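Reader: Before we go through the contacts, can you put the structure up? I would also like the cut-offs as we go.

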Amino acid sequence: MSNSFHVPQVSRGAAYAMLGGAALMMTIGMGIRQNLGLFQAPAARELGIAISDFALAISVQQVAWGVSQPFAGILADKYGTRWVSLIGALIYIAGVVLTATATSQWPIVLGSGVMIGVALACTSSGITANIAARVVAPHRRTLAFGLVSAAGSVGTMFTAPIAAYFLNHDGWRAGMWAFAILALAMLPAAFIGSRADRLPNSRVADRNLTLMSALDEARRHSGYVVMSLAFFVCGLQLVFITTHLPTYLAQCGVDPSYSALMLMLVGGFNILSSWLFGWLGDRYPKRFLLGGIYLLRSAAIAAFFLHPPTPLSIVLFGAAMGTLWLGVIPLVNGLVVQLFGLRFLSTLTGISFLSHQAGSFLGAWGGGYLFDLMGNYDLAWKAAVLIGLIAGTAQLLMNDRPTERMAEQAAAA
């Protein structure tokens with residue numbers, strides 16, 4: 001049993017079921033969310049709004065997600081994931097329906113912005129990591145974070161063609177209704193995954209650790225602060241790509257199907273890379289892997305935008321970005337566990353994620369603002385590359401030593 005991938009309190013079948021429920025919940029939630037940019041141009045044309053108006057909804061989503069994530073994490077750490085994830089799934093479904101029935105900008109901002117943002121805080125990586133951390137044995141934990149993270153890429157891969165089909169045949173509203181029906185599956189997935197609540201999320205020595213003590217530890221750890229600030233850049237780059245690449249390609253005269261193809265490639269390659277970086281994170285310093293991702297991603301963005309897009313460059317860019325996409329999630333989760341342990345994993349990753357979502361807001365809204373102001377994305381992509389290089393370098397140099405409390409526990413063991 002010591003070599004098993006799961007903790008001894010559950011059977012292999014139960015472990016697979018709980019991880020599968022968490023993965024499916026994240027698959028659907030992230031898949032729909034990452035393809036909303038495909039609806040930007042057709043929705044804006046039909047409703048008579050600007051590109052930046054739709055981009056505002058995606059930007060608000062990032063802020064709502066980021067602000068809600070620490071609170072969802074606190075509730076999950078204290079009370080378990082069941083009601084957090086079930087309520088989040090219901091809010092997600094309602095947000096998609098409100099977007100599908102929108103007749104102006106503001107229902108889209110409320111539905112795809114506020115509601116989906118809050119729902120993602122309750123159903124995505126902050127909560128699924130909590131489930132995986134309870135189910136999986138410590139020596140396989142970062143790999144498990146990577147496998148659950150890969151579920152978000154599976155969602156991107158299979159929801160992109162759904163969106164493309166309805167956009168080409170029945171319009172953007174039909175595509176949103178298809179997404180609403182798909183989102184119903186998040187409810188049973190959340191119920192099954194949250195069965196992990198009955199498993200412990202801390203060592204005996206950590207049972208009396210308070211939330212305020214954990215927050216004080218995090219505040220005083222320079223490495224955690226650097227990691228959280230670097231996470232800002234991750235959000236900016238990824239959401240800029242998912243929100244604005246379809247508009248950029250359309251401006252360049254590229255067939256719209258290539259936007260969906262690029263997102264499918266991101267999803268497909270990220271399935272492998274999330275597993276890969278999770279596997280590597282159990283074996284090599286996570287800060288080096290994280291810094292390398294930020295630096296290579298910035299180089300890929302620069303190489304793509306320096307030249308007019310072609311079918312080949314779109315395919316290569318999708319493959320490169322997919323390889324460097326959600327691999328950060330298992331590494332960030334793994335670093336938080338390495339530094340502070342499991343007790344407040346969702347809370348501390350949630351606070352880091354707030355920084356990520358602040359960057360996401362700037363990537364979505366700022367990209368749209370600069371496009372409306374200048375008529376192109378030149379300044380936006382150059383800024384994304386520059387701050388990515390700075391963040392990657394800082395991440396390589398971060399302090400990744402565990403807290404004194406964790407070091408004492410390791411010595412006692």
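Author: Start with burial: buried means under 20% relative accessible area, exposed over 50%, and partly exposed in between, with a 1.4 Å probe and protein chains only. This is a predicted model, in which local features need pLDDT of at least 70, side-chain atom pairs count only at pLDDT 80 or more, and totals for chains, interfaces and linings use all residues. Residues are numbered from 1 along each chain as its sequence is written, and side-chain values use heavy atoms, with hydrogens and water left out.

Reader: How many salt bridges does a search of the whole structure find?

Author: The search gives 5 salt bridges, each defined as a side-chain nitrogen of Lys or Arg within 4 Å of a carboxyl oxygen of Asp or Glu. In general, side chains of opposite charge can pair when their charged atoms come close.

Reader: Which side chain does Arg 173 meet in a salt bridge?

Author: Glu 46, at 2.9 Å from N to O. Arg 173 lies in helix H8 (residues 172–183) and Glu 46 in helix H2, so the pair ties together parts that are 127 residues apart in sequence. Helices here are DSSP runs (H or I, at least four residues; strands are E, at least two), numbered from the N terminus.

Reader: Are those two buried or partly exposed?

Author: Arg 173 is partly exposed at 23% relative accessible area, and Glu 46 is partly exposed at 45%.

Reader: And what does Arg 405 pair with?

Author: Arg 405 forms a salt bridge with Glu 217, 2.9 Å from N to O. Arg 405 sits in helix H18 (residues 404–412) and Glu 217 in helix H10 (residues 211–220), so this pair links parts that are 188 residues apart in sequence. Arg 405 is buried at 17%, and Glu 217 is buried at 13%.

Reader: Where do Arg 287 and Asp 400 lie?

Author: Arg 287 is in helix H13 (residues 286–305) and Asp 400 in the loop between helix H17 (378–396) and H18, so their pairing ties together parts 113 residues apart in sequence. The closest N and O atoms of their salt bridge are 3.3 Å apart. Arg 287 counts as buried at 18% relative accessibility.

Reader: Switching to helix packing. At what angle do the axes of H4 and H9 cross?

Author: Roughly 170°, with the axes of H4 (residues 82–100) and H9 (residues 186–193) coming within 9 Å. Axes are lines fitted to C-alpha atoms, for helices over the stretch in contact, and angles run from 0 to 180 degrees between N-to-C directions. H4 and H9 are therefore roughly antiparallel to each other (over 145 degrees; under 35 is roughly parallel, 65 to 115 roughly perpendicular, the rest oblique).

Reader: Which residues meet there?

Author: Among them, Leu 86, Ala 89 and Ile 93 in H4 meet residues of H9 including Leu 187 and Phe 191; contact means heavy atoms within 4.5 Å.

Reader: What about Thr 81, buried or exposed?

Author: Thr 81 is buried, at 1% relative accessible area. Thr 81 is found in the loop between helix H3 (51–79) and H4. The side chains of Thr 81 and Asp 197 make a polar contact of 2.8 Å; that term means a pair of N or O atoms within 3.5 Å, where within protein one must be able to donate a hydrogen and the other to accept it, and residues adjacent in sequence count only if both atoms are side-chain atoms.
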